[in-house]
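Here is a friendly walk through the pockets, the cavity, the helix packing and the backbone of one model. Please have the viewer open as you read.

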Amino acid sequence: MRWIKFEDKLPGYRRELVLTETRLDHYDEFRQFFRRELELQPGDVDGGNNHYFRADSGRIYEVVFVGKTGRPFPCGLEILLLVEDIEPLPEDDEIDKDLWEFLRWMIAGVGGEWTLDALESTGYLYRVPFARRPVK
Amino acid sequence: MVTEMPPIVRDQYPFQAHYLKVNGRIMHYVDEGDGEPILLLHGNPTWTFLYRKFIPILVKAGYRVVSPDLIGLGRSEKPCNDYYNSLLHHTSNLDQLLTKLGLKNVTLVMQDWAGPIGLGYAIRRRENVRAMLLMSTWAWTDVSPFHSSIFPWRMMHAPVVGPYFLQRRNALTERGLWLSVVNRDRMTEEVIEGYRFHMQSYDERGAFLRFPRMIPLGEKNKENTAYDIIKQIEEQLPRLDIPALIIWGEPDDVFPKEWAERFYEILPRAEKPIYVNAKHFIQEDEPEFICRELIRFLRSLKE
């Protein structure tokens with residue numbers, strides 16, 4: 001996956017919500033990672049930049065960061081798949097494969113005790129088809 | 001989403017549905033039989049389906065069996081927000097259920113999150129609890145090795161990763177249940193469908209994620225968990241003089257068997273724990289044995 005920028009708001013696409021995280025600060029190192037990596041500021045909730053990434057599949061997703069009073073920013077995020085016009089939503093596994101790339105990027109960035117090996121092992125144990133078999 | 005129960009599930013779970021409102025939310029419960037009331041309480045990611053084999057046995061033995069689905073799970077309302085799902089909410093909901101049904105002198109059967117919920121009720125309404133059965137649960141703020149490990153537990157409910165595993169991929173139902181029983185040949189597709197069909201969509205599965213995030217990790221991250229409320233329960237346990245039966249799975253890897261001994265040592269009126277060949281979802285592994293022991297225990301209290 002890679003982050004991309006658009007000059008406009010991408011008219012002609014509809015946004016399909018595929019993942020919601022309401023407690024990005026449950027383990028605060030995740031919130032801090034997004035804040036640092038994407039240079040997010042509390043004022044971004046009032047007209048800040050849009051954040052898009054393109055998965056290896058070519059599908060484009062917008063990541064919307066959520067702020068709430070009384071909570072550190074960002075307190076949550078929403079991942080929206082951009083689907084052209086009235087085209088159908090892809091199958092769940094296709095979206096899950098794209099999101100797995102996002103999770104790998106995120107875990108690699110958060111670091112510390114949150115390792116890619118732990119993510120892949122958890123995915124393998126719980127039968128995520130894109131997870132790699134852990135090295136014994 | 002409202003769906004008619006498919007025959008594959010109804011055949012395993014032939015109980016009439018009852019509903020009432022607790023704290024503004026619609027709660028589903030089973031209410032079968034006549035006699036002294038036994039409350040069968042489940043945790044995450046299950047619903048009263050977990051007790052489908054208990055209900056006929058206990059009814060036949062002459063008890064009234066009431067079993068509610070926690071708000072957010074099973075056939076109860078599943079709000080799409082974070083604000084309904086605290087330990088205090090669930091304990092208050094249980095209190096409301098018992099009050100509205102006029103149930104007195106109840107026996108609480110508890111496993112997983114039902115432990116902190118039911119024990120939270122018992123310390124507040126001591127006079128209304130006749131007896132308790134504790135299975136694969138906890139009520140203290142220190143953490144089991146399973147819950148403290150990154151792989152797989154904390155990774156599975158970490159930010160962003162959690163909604164992926166627990167809501168998008170329904171990992172606890174599709175795989176976790178199977179991993180946490182001894183008798184895996186009993187976890188057939190029909191049984192998994194029983195757990196799956198009320199939680200079919202992403203939005204319906206929010207509680208699957210919210211419960212793991214409430215589990216205290218000791219002093220770490222305490223403000224984001226149910227630490228303070230469970231601490232209150234923990235402090236009250238030595239004074240909870242209610243007859244208690246403890247049945248635990250010897251190979252339970254979620255709540256280790258040492259924690260059965262811990263309940264035995266803390267609770268003033270507990271019987272010595274009974275161990276069986278079961279894991280965390282002990283109700284799937286040993287339903288007949290547990291019911292037999294519970295009936296024996298309750299009858300012994302009359303003598």
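## The second largest pocket

Strand 2 (13-21) of chain A and helix 2 (92-110) of chain A, along with helix 7 and helix 8 of chain B, each supply at least two residues of the lining of the second largest pocket. Helices (H or I, at least four residues) and strands (E, at least two) are DSSP runs, numbered from the N terminus. The biggest contribution comes from helix 2 of chain A, with four residues. The model is predicted: local features need pLDDT of at least 70 and side-chain atom pairs count only at pLDDT 80 or more, while totals for chains, interfaces and linings use all residues. Residues are numbered from 1 along each chain as its sequence is written, chains are lettered from A and ligands numbered from 1 in the order in which they are written, and side-chain values use heavy atoms, with hydrogens and water left out.

This pocket holds about 440 Å³ of space. Its lining has 22 residues, and the closest to the centre are D92(A), Q167(B), R168(B), R169(B) and R205(B). By class, the lining has seven nonpolar, five polar and ten charged residues. Here Ala, Val, Leu, Ile, Met, Phe, Trp, Tyr, Cys and Pro count as nonpolar, Asp, Glu, Lys and Arg as charged, and the others, Gly among them, as polar.

A pocket is an open set of points on a 1 Å grid over the protein atoms alone, with protein on both sides within 12 Å along at least five of seven lines; a cavity is a set where a 1.4 Å probe fits but cannot get out, and lining residues have an atom within 4 Å of a point. Grid points are joined across faces, edges and corners, and a volume is the space filled by probe spheres set on the points.

## The largest pocket

The largest pocket has a volume of about 790 Å³. Among its 37 lining residues, T22(A), R23(A), N81(B), D82(B) and R210(B) are the closest to its centre. Helix 10 of chain B gives the most to this lining, with five residues. The lining divides into 14 nonpolar, twelve polar and eleven charged residues.

## One cavity

How many cavities of 30 Å³ or more does a search of the whole structure find? The search finds one, and the volume of the largest cavity is about 80 Å³. Its lining consists of M27(B), L41(B), H42(B), P68(B), L70(B), H90(B), L94(B), A114(B) and I117(B). These divide into seven nonpolar, two polar and no charged residues.

## Helix packing

In chain B, the axes of helix 8 (residues 171-179) and helix 9 (residues 189-196) come within 10 Å and cross at roughly 130 degrees. Axes are lines fitted to C-alpha atoms, for helices over the stretch in contact, and angles run from 0 to 180 degrees between N-to-C directions. The contact (heavy atoms within 4.5 Å) joins T173(B), E174(B) and L177(B) of helix 8 to I192(B), Y195(B) and R196(B) of helix 9.

In chain A, helix 2 and helix 3 (residues 116-125) pack at about 150 degrees, with their axes 9 Å apart.

## Backbone details

A cis peptide bond joins F73(A) and P74(A), with omega about -10 degrees. The bond from F151(B) to P152(B) is also cis, with omega near -5 degrees, and P152(B) lies in helix 6 (residues 150-156) of chain B. S136(B), although not a glycine, has a positive phi of about 40 degrees.
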